[in-house]
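Reader: Before we turn to the model, may I ask how its surface and its strands are to be read?

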Amino acid sequence: METTLTIGAVAKRSGVAASALRFYEERGLIRSERNGSAHRRFVRSTLRRIAFIVFAQKVGLTLEEIGAELAKLPDGRTPTKSDWHKLSSGWAHRIDERIGELQRLKEGLADCIGCGCLSMRQCKLVNPADKAASKGAGPRYWLGDKQPK
Ligand code: FES
């Protein structure tokens, strides 16, 4: 029988507020049992689900997407390493995309991002007359369009 934890203990260990845990439960992302005095008890492996939820949001997944991913895990038993592996391989490309976005963000901080402001000397070189606007709205070079060489 797996150890169970109170909502307070889960909140303390996961770093997620009890109100957010109740919200995740309402959305069906995590589940608790009620003990004799109707208090929520979470199986210990819920901590991994919560960690997954928190980091999946950092990668930009919505709660709906996270719910759909978590729904792939076996119901009623603690997910194994291969269960988690199957899950993570499904959205590895999402992580790569996010890494690419963050890399461009880092590189673009001191460079022209093709946003149309033409406020830096660099803009005149790589975005003359706001040429980037022809590719669409937003900071085109941050969004992945290549700067002209
Ligand atoms: S940074 Fe805005 S157009 Fe170059």
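Author: Patches are made of residues with over 30% relative accessible area and no salt bridge, like charges being joined within 9 Å and nonpolar side chains (Val, Leu, Ile, Met, Phe, Trp, Tyr) within 5 Å. A salt bridge is a side-chain nitrogen of Lys or Arg within 4 Å of a carboxyl oxygen of Asp or Glu, and areas follow Shrake-Rupley with a 1.4 Å probe, only the protein chains shown counting as cover for residues. The model is predicted: local features need pLDDT of at least 70, side-chain atom pairs pLDDT 80 or more, while totals for chains, interfaces and linings use all residues. Numbering starts from 1 along each chain as its sequence is written, and side-chain values use heavy atoms, without hydrogens or water.

Reader: Which residues form a nonpolar patch on the surface?

Author: Leu-102, Leu-105 and Leu-109 do, with about 290 Å² of accessible area together. Leu-105 belongs to helix α6 (residues 92-108); helices (H or I, at least four residues) and strands (E, at least two) are DSSP runs numbered from the N terminus.

Reader: Why does Leu-105 count as partly exposed?

Author: Because its relative accessibility is 36%, and partly exposed lies between buried (under 20%) and exposed (over 50%).

Reader: How do the strands pair?

Author: Pairing requires at least two DSSP bridges between two strands. Strand β1 (residues 4-6) runs antiparallel to β3 (residues 40-43), joined by three bridges, with Leu-5 opposite Phe-42. Strand β2 (residues 33-34) also pairs with β3 in the antiparallel sense, over two bridges; there Arg-34 has Arg-40 as its bridge partner. Five residues lie between the strands of the β2 and β3 hairpin, where Ala-38 takes a positive phi near 60°.

How values were computed. Buried means under 20% relative accessible area, exposed over 50%, partly exposed in between (1.4 Å probe, protein chains only).
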